Amino acid sequence: MNKTILKTDHLKAFYVLDVHGTQKVVKAVNDVNLDIQENEVYGIAGESGCGKTTLLKALVAAIEPPLRLMDGKILYQVNGKEIDVASLDQEAKRKLRWEYISYVPQGSMSVLNPVTKLKETYRDFIGSHVSGKSKDEAFEIAKEHLLDLGLPLKILDAYPHQLSGGMRQRVTIALATLLKPRIIIGDEPTTALDVVVQRGVVQLLKDIQGKLQNTIILVTHDMGVQANVADRVGIMYAGKIVEEAPTETIYGNPAHPYTQYLIDSLPKFGDKSTRKSVPGSPPDLGNLPSGCPFHPRCPHVMEICKQEMPGYTKLEPNHRVACWLVGEGERLS
Amino acid sequence: MKILKDLFKDYRFVVSFGILCFLLTLALLTFFSPYDPALWGEVPRDMPPSSEFLLGTNSKGQDVFWLSCFAVRNSLTVALIAGILSRVIAVTVGMVAGYKGGLTDRVLMFISDSLLVIPLFLIIVMLAMLVREMMNLLTLGLLLACFGWAWDARVIRSQILSLREREFTQTAILSGTGTLKLVLKEYMPFATPLVFSTLINNMAWSIGMEMTLAILGLTNLDIPTLGTMIQWAVSYQAMLLGYWWWILTPVILSVFLFVALYWLSVSISEYLDPRTRVQRVGA
Amino acid sequence: MEKLLEIDQLTKVFSFGSILSKIKLTAVDNISFDIKPAEIFALAGESGCGKSTTARMIMGFESPTSGQIIHSGTEVAKNEKVWFTQGIQAIFQDPFGTFNPLRTVDRYFFETVKNYKLAKNKTDAIKLIDAKLKAVGLSYEEFAGKYPSEFSGGQLQRISVARSLLTDPKLLIADEPVSMVDASLRMSIVNLFKELKENFGVSVLYITHDLATAYYVSDRIAIMFRGDIVEMGPVEQVLMEPKHPYTQLLRESIPEADPEKRWNYKIDLSELEYEEYMRKGCKFAGRCPQVMEICKAEMPQDTQVGKAFVKCHLYSESQKSQNEVI
Ligand SMILES: Nc1ncnc2c1ncn2[C@@H]1O[C@H](COP(=O)(O)OP(=O)(O)OP(=O)(O)O)[C@@H](O)[C@H]1O
Ligand SMILES: Nc1ncnc2c1ncn2[C@@H]1O[C@H](COP(=O)(O)OP(=O)(O)OP(=O)(O)O)[C@@H](O)[C@H]1O
Ligand code: SF4
Ligand SMILES: [Mg+2]
Ligand SMILES: [Mg+2]
């Protein structure tokens, strides 16, 4: 039986900005309910700028101004106890962040310190996170881990700028999975990689997941990767999860018009016919359209769409959609 | 203005800012001084603090209050000359070395490394002895400026080296931006926090150095500074004779000045730290 | 047909490491290709195979160890600012690194307009900027006065494309421009390349890992592996009937957007990157399922197969004849 490991309850995280004296609110995460199980790979896909990274930041409790947690709860199941992240102090958050969850941030290849050798970065990381082990011992673990990932040990002697983007990304992933966390959260972890290496990294993430029986939350644009690893996929649009279903359903039988566009825009080999992207432009999260945020771009728009945000309709026990076309919807908690 | 508002949230900044304002007021008061600080015997000698002589008078027949106003002004002047000039040198050397690289870099870094390894204090003392004849506020400031830049130039250089590898450098180049503008507009914002916080540190260092040189008798003792005031008080054995107001005034002022500069530097550098700043922009 | 850009036996060797163990790495090894006017030329391949290095050399940010770069028939001078003289612009891989985090992004636009003298006054400049932003689905109001941290990765990437379009370039060097944007936006950016090509005759050097969009948008493609171009030709042939074993591996590793077709076997990951670079013969020999003795000893030559060139002993004349002799 699956157990919930991470839950969010009407989560709202907004960027509150002060633009020339007037307050501007960017609703990047707007009423998100997630229920993520142990031992599953949960994929999140969606348009650039729809708030995926922000959602992950909220999940790992890395909420810093201008981002603010407006409402809702983030609940972790840690060793049988339910923990509300908002109630933790800085130190406890930091501990949780590295020992329980590990987060590979987006664009993490530019987070490596450019003026020190990777060796130093590893040493610092191990020094600040592993206690009770001598430095040499810990360093051995790191080396083994690198070899596991198929990374040459020689990179330890290189500076980040001497490595290709792909190599840098793999180094960061290696760093983040070093402590065998229960939840691995990856924000576009394979985007900078070539398909062969990407496959290797996906293979590795799957291996780690299989061994540790832990949870992976994977944000990626690459619908191919998503199809390959995710058990369930949530489609995000304008700060909301608009559709969530097992992977097969999302690809085979998408119900939300945005998801349908997304799946249709994927290019296929052997077919050079023009593929359209979603019409119109992405919504400004600081100035959302009324009702369903997709309505200005939706081909099926109805009067009610412009007025009211649809609730979730359950098409199947684990397939929920927020769209008036599909049903009246009800608030799920 | 917004910057000030943010800074005023930090008590250390408020306190140090207050102290500095007070000291600046003292310095400005010198323009209304009834006495010439260079002259002796203008007032009765060795008077304790009273309503007429706020902080008493010294054995040279000078009013300690007005004298210390001059001392604060002159010490700050030396510190500013040394601080600003050495920042200019540090930024120029660091940026040129970092951006040009190659031979230029090696030569400049050789110079700054040499400055870092030689025993600075001895060199300064020797040079001060050499130029003793023409020692005034400006030469003292220049002398100190020549020795206070090496470390910061190195830091700026390494900063530039890493910025040069970032993609926005290429974006700027493709936007047609020339080298000078590139360095000033793209890289300077990363160096400013460092320049500001080290400016203040360097001023503190210069004031300390000035005091040391003065106490060793290597500066022009006719110019009142915090250092020379202490030097005179010590040589007249003010403490022994119980003229505590004469020696304590410059000592307490110096302590105030150091504390103020230290807190100012800490609070400003925290504010300007590029990492916290990136998060704050737009906030 | 006349060639817009010709790369002739271009090589780049990096050396690094400590004084004691100096490592020499031939990041780009004697490659040649050309780009015609109004052509989208894709460059794909392994991470770290030298694609970005090639792009940097074309832009003059890195000087070649040997070989020539010829723009419209004339070889570029050393230190020539090709973005001014040859109408070349570029967009980069990491949208978060493209703009200085401490400056607002609109500065780059105004600086470009000013430095290239594209507008007479500020209103004209804003009009021009707005037009280019509209072309990528943004608007001036949405972007003015904002810092890079206020945009998402995809937004930044579109802003970066808009900036490069300001100068009406002849050749756009796009180093993994879509790796950070979503599937739909990917299409809109590559469709933008198509439009630029068809309507304005702009050529694009499209460096990417996304072979599906490369197939969709480009005319020709070159597959690089460890500094060599191992296969080059029309996309139709190279991607639909890959000849080189590496291209075949690449093609098989593309994740299908179909959960029914998951990978069901594992692949060998590369051996040490450096060691592959150091190989004497074919650099793929360590991983190639069809490896032969000669592969380890001798560097294969370009062989024409159909409309494409393949660098592999399986197809080389000498190999074929040798096989016959034996
Ligand atoms: N620090 C910030 N200040 C203000 N607005 C921000 C900030 N960071 C992000 N935003 C805005 O919040 C929205 C969501 O951004 P986020 O980075 O979460 O998107 P994303 O889904 O991860 O996009 P991508 O796929 O392109 O990475 C965007 O519209 C962005 O402009
Ligand atoms: N300045 C440098 N010094 C030393 N080696 C370098 C330098 N720049 C690149 N390299 C090496 O050259 C090789 C090619 O790098 P390059 O960045 O061109 O790869 P790439 O094909 O663009 O990779 P990716 O797809 O990951 O972006 C890599 O092995 C890299 O480590
Ligand atoms: S709710 Fe209406 S506007 Fe929104 S996606 Fe459904 S049909 Fe379209
Ligand atoms: Mg993101
Ligand atoms: Mg690259």
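A residue counts as buried when its relative accessible area is under 20%, as exposed when it is over 50%, and as partly exposed in between (1.4 Å probe, protein chains only). By that rule C:Phe109 is buried, and so is C:Phe143. The model is a predicted one, in which local features need pLDDT of at least 70, side-chain atom pairs count only at pLDDT 80 or more, and totals for chains, interfaces and linings use all residues. Residues are numbered from 1 along each chain as its sequence is written, chains are lettered from A and ligands numbered from 1 in the order in which they are written, and side-chain values use heavy atoms, with hydrogens and water left out.

Now for the rings. Rings of Phe, Tyr and Trp (its six-membered ring) pair if their centres lie within 6.5 Å; planes under 30 degrees apart are called stacked, over 60 edge-to-face, and the rest tilted. The count by this rule is 25 aromatic pairs over all chains. Helices (H or I, at least four residues) and strands (E, at least two) are DSSP runs, numbered from the N terminus. Ring pairs also join C:Phe109, C:Phe110, C:Tyr140 and C:Phe143 into a cluster.

Chain B is a run of helices: twelve of them, and zero strands. Along its principal axes, the C-alpha trace of chain B spans about 75 × 45 × 30 Å. Of the 283 residues of chain B, 51% count as buried. Contact means heavy atoms within 4.5 Å, and residues 24 or more positions apart account for 69% of the contacts in chain B with a separation of 6 or more.

How do helices pack here? Axes are lines fitted to C-alpha atoms, for helices over the stretch in contact, and angles run from 0 to 180 degrees between N-to-C directions. In chain B, helix 3 (residues 64–100) and helix 6 (residues 137–145) pack at about 40°, with their axes 8 Å apart. Helix 3 of chain B and helix 6 of chain B are therefore oblique to each other; angles under 35 degrees count as roughly parallel, over 145 as roughly antiparallel, 65 to 115 as roughly perpendicular and the rest as oblique. On the helix 3 side of chain B, the contact includes B:Asn74, B:Thr77 and B:Val78, and on the helix 6 side B:Leu137 and B:Gly141 are among the residues. By class, this contact of helix 3 with helix 6 of chain B has eleven nonpolar, four polar and no charged residues. Here Ala, Val, Leu, Ile, Met, Phe, Trp, Tyr, Cys and Pro count as nonpolar, Asp, Glu, Lys and Arg as charged, and the others, Gly among them, as polar.

Packing also runs between chains. Helix 6 (residues 195–212) of chain A and helix 11 (residues 245–253) of chain C pack at about 50°, axes 8 Å apart. That makes helix 6 of chain A oblique to helix 11 of chain C. A:Val195, A:Val196 and A:Arg199 touch C:Tyr246, C:Leu249, C:Leu250, C:Glu252 and C:Ser253 in this contact, which by class has five nonpolar, one polar and two charged residues.
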